[in-house]
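Visitor: I would like to learn how to read a protein model. Please take me through it step by step.

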Amino acid sequence: MSNLFAGLSAFHFLRPAWLLLLPLVLLLWWYLRRDRRRGAETSGQIAPHLAKALAVGDRTRPHFKPVDLIALLLALLILGTAGPSWTRLPDPLMAKTTPLVVVLKVSDSMLEKDVPPQRLARAKQKVLDLLETRDGAPTALVAYAGSAHRVVPLTDDPELLRPYLDGLSPEVMPVKGENAAAALKLAEQILAKDETPGGILFLLDTLSDGDASAMSQRDGNNGLGFLLVAPGNVDGGAVSKVRGARVERVTPNQSDLSALNRFFDSAFRQALASDKNLQWEDRGWWLAWPAALLALLWFRRGWAMSRRAAPVSTSLILIMLCLQFSPDSATAQTSNRGGGLLGWLFTPDQQGQWFTFRKDYRRAAASFQDPYRKGYALYQAGQFEDAANVLAELDTPEAVFTRAMAMSKTGQYEGAIAAYQHVLQLDPEFPGAQKNLELTKKILAYMEKTRGEEDEELTKSDEEGEESELEQPEQEQQEQDKGKKDKPVSADQWMSTLDTGTSEYLKQRFAAEASTANSNESNSGENRP
């Protein structure tokens, strides 16, 4: 219900001037209705009582007439052209879905086996299933019992979460109990570092009244959801008392995750509605489908209009169909329409958005006329050089940032560095620009260093080639063994020698964090008057 009220509060028309045609249509409808009724009752050719006696068939007058059909059709087209909207259009550089912080309860109660194979094991499996549905969107992991700890920050690599998720157990938590309020505070701090609105998902079995009260007092636009990994006869404590939260019970399939994803997507769109830098999403095309269905009745036998009304109504319908959805540019872009039904119903940019929603980025790039959207679609399609060329004409932070990423993909690191620096000049706080700049500089420095070492080795091998051929096999073997000892171990070889289990690492890290937190609380208590 809150989502409905939020949508109604943001509802408006993008082109409200077209609504001035509605009174004209109503007047025309009233005139034609009145004219036909008066003409049928007061005919000058025959007396009314004779006309009634000579009439055949059903004498009852139908309530719904062709003029009503045309009036309703025109009203739908006018409303669609006016551009109803109640949601913002997300920036393509934002996450594909809302950033999410997964908060997992890791306490002794989660070891119960009433939910096979175990509450904690089922919760972990649900987290893995959730990662598969998020298509690489940023996800963070927080664990809590008596204290809350950040396990993994926001990352778009699901494989990074797997080993740490496997290592979570009640034994690694330094403080026993449950403190969901602290976990919520930590999750909100993680999301505060990202400019994109996000969501927080708790996987737990129960919630205390104190934590529920604290969660109800939270202040923020981030969506809050709960997934109860507990049997059906357990009400989850006070979970249902948390204000503005969505509660789902764990299911054998993914219906629970689907419901939560829809909830977070709705919360994400509500948060975007307050961002004035984003464009409003035009929903006028929704009204094209009922209008098309009504137009089919026009060919039904007996639904012809009078000769005076037909030309007027037909002209208005054709004009509205031509100006539907994008009245300012429809006539100028007629020659650039795509083929088929989409070419007649949608503008080129709307066709590109249609293909983008379906991840058909090549066709989207061919349809877009807006340079920024066209360049971003080319980037998503893997045509990095074409994307960089298209975006070179734009000087907005978003366009320059996308062009820098495209240049990095093609190995033009020096140009990418210059582009990232230009982004920071345009917007010093642009998300990801500083991080990508530093990373690109490191890649360029590493490549230059590697290239220099290769040139040096080639030169050295040419000078000592003849001498190395005369060396004895025993000496050659000794030098090879020595080289193996002196050669630095690669990262993969180093990682293969380590114990891949993360339980001990998490236990030590959580204990250190809890100790630091306790010492800070003690110091603050001593400083109080």
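Visitor: Where is Ser408 found?

Guide: Helices are DSSP runs of H or I with at least four residues, strands are runs of E with at least two, and both are numbered from the N terminus. Ser408 lies in helix α17, residues 397-409. Note that this is a predicted model, where local features need pLDDT of at least 70, side-chain atom pairs count only at pLDDT 80 or more, and totals for chains, interfaces and linings use all residues. Residues are numbered from 1 along each chain as its sequence is written, and side-chain values use heavy atoms, with hydrogens and water left out.

Visitor: Is Ser408 buried or exposed?

Guide: Buried means under 20% relative accessible area, exposed means over 50%, and partly exposed is in between (1.4 Å probe, protein chains only). Ser408 has a relative accessible area of 17%, so it is buried. Across the protein, buried residues make up 37% of the 529 residues.

Visitor: Which residues does Ser408 touch?

Guide: A contact means heavy atoms within 4.5 Å. Leaving out residues up to four places away in sequence, Ser408 touches Tyr413, Ala416, Tyr420 and Thr440.

Visitor: In what order do the six strands of the open sheet run?

Guide: Two strands pair if DSSP finds at least two bridges between them. Here the order is β5-β4-β3-β6-β7-β8, with mixed pairing. β5 (148-155) and β8 (245-249) are at the edges with a single partner strand each, so one side of each has no neighbour in the sheet. From one strand to the next, the twist averages 15 degrees.

Visitor: How many bridges join β3 and β4?

Guide: Six, and the two strands pair in the parallel sense. β3 covers residues 100-105 and β4 covers residues 139-144. Leu100 stands opposite Thr139 in β4.

Visitor: What does helix α5 touch on the sheet?

Guide: For angles, axes are lines fitted to C-alpha atoms, for helices over the stretch in contact; angles run from 0 to 180 degrees between N-to-C directions. Helix α5 (residues 119-133) touches β3, β4, β6 (199-204) and β7 (223-228). The direction of α5 makes about 170 degrees with that of β3.

Visitor: How many residues are in the largest nonpolar core?

Guide: A nonpolar core is a set of buried Ala, Val, Leu, Ile, Met, Phe, Trp, Tyr and Cys residues joined through side-chain atoms within 4.5 Å. The largest one has 32 residues. Leu104, Leu141 and Leu201 are among those with the most contacts inside it. Helix α5 gives the largest share, six residues. A second, separate core has 26 residues, including Val400 and Met405.
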